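Have the model open as you read.

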Amino acid sequence: KLRQKERGQDRSWAAASEYLLNKLRYLGFTQKEIGNKYKVSSNTISQKYRKMAEILDIPLDNSFLFRF
């Protein structure tokens, strides 16, 4: 099923993508640290990260970390 194009600044999605990879690789960076790098708020990262997790079917409780 095709999804409607998601809205938002490119840097918001880039920050959320980096945060997701950060979680997958146990790198330990916070949303605030990544947000500072991309000049977006941690709230924005959280919103985009949740949307990405929904689309990719990744549970937000970190149980996905044990599937890889």
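A residue counts as buried when its relative accessible area is under 20%. Keep in mind that we're working from a predicted model. Ser 46 comes in at 17%, so it is buried.

This serine belongs to helix α3, which covers residues 42–56. Gln 31 sits 15 residues away from Ser 46 along the chain, yet their C-alpha atoms are separated by 7.5 Å.

## Helix α1 on its own

On the buried side of α1 you'll find Ser 12, Trp 13, Ala 15, Ala 16, Tyr 19, Leu 20, Asn 22 and Lys 23. Their cover includes α2 (31–38) and α3. After α1 comes Tyr 26, with a positive phi near 55°.

## Where α1 meets α3

The axes of α1 (residues 10–24) and α3 come within 8 Å and cross at roughly 65°. The two helices are therefore roughly perpendicular to each other, and α1 passes α3 in a right-handed crossing.

From α1, the residues making the contact include Trp 13, Ala 16, Tyr 19 and Leu 20; from α3, they include Ile 45, Tyr 49, Met 52 and Leu 56. Sorted by class, the contact has nine nonpolar, three polar and three charged residues. Lys 23 of α1 and Lys 48 and Lys 51 of α3 are also among the contact residues.

Note on methods:
Residues are numbered from 1 along each chain as its sequence is written. This is a predicted model: local features need pLDDT of at least 70, side-chain atom pairs count only at pLDDT 80 or more; totals for chains, interfaces and linings use all residues. Side-chain values use heavy atoms; hydrogens and water are left out. Helices (H or I, at least four residues) and strands (E, at least two) are DSSP runs, numbered from the N terminus. Buried means under 20% relative accessible area, exposed over 50%, partly exposed in between (1.4 Å probe, protein chains only). Axes are lines fitted to C-alpha atoms, for helices over the stretch in contact, and angles run from 0 to 180 degrees between N-to-C directions. Angles under 35 degrees count as roughly parallel, over 145 as roughly antiparallel, 65 to 115 as roughly perpendicular and the rest as oblique. A crossing is left-handed if the near helix is turned anticlockwise from the far one by less than a right angle, and right-handed if clockwise. Contact means heavy atoms within 4.5 Å. Ala, Val, Leu, Ile, Met, Phe, Trp, Tyr, Cys and Pro count as nonpolar, Asp, Glu, Lys and Arg as charged, and the others, Gly among them, as polar.
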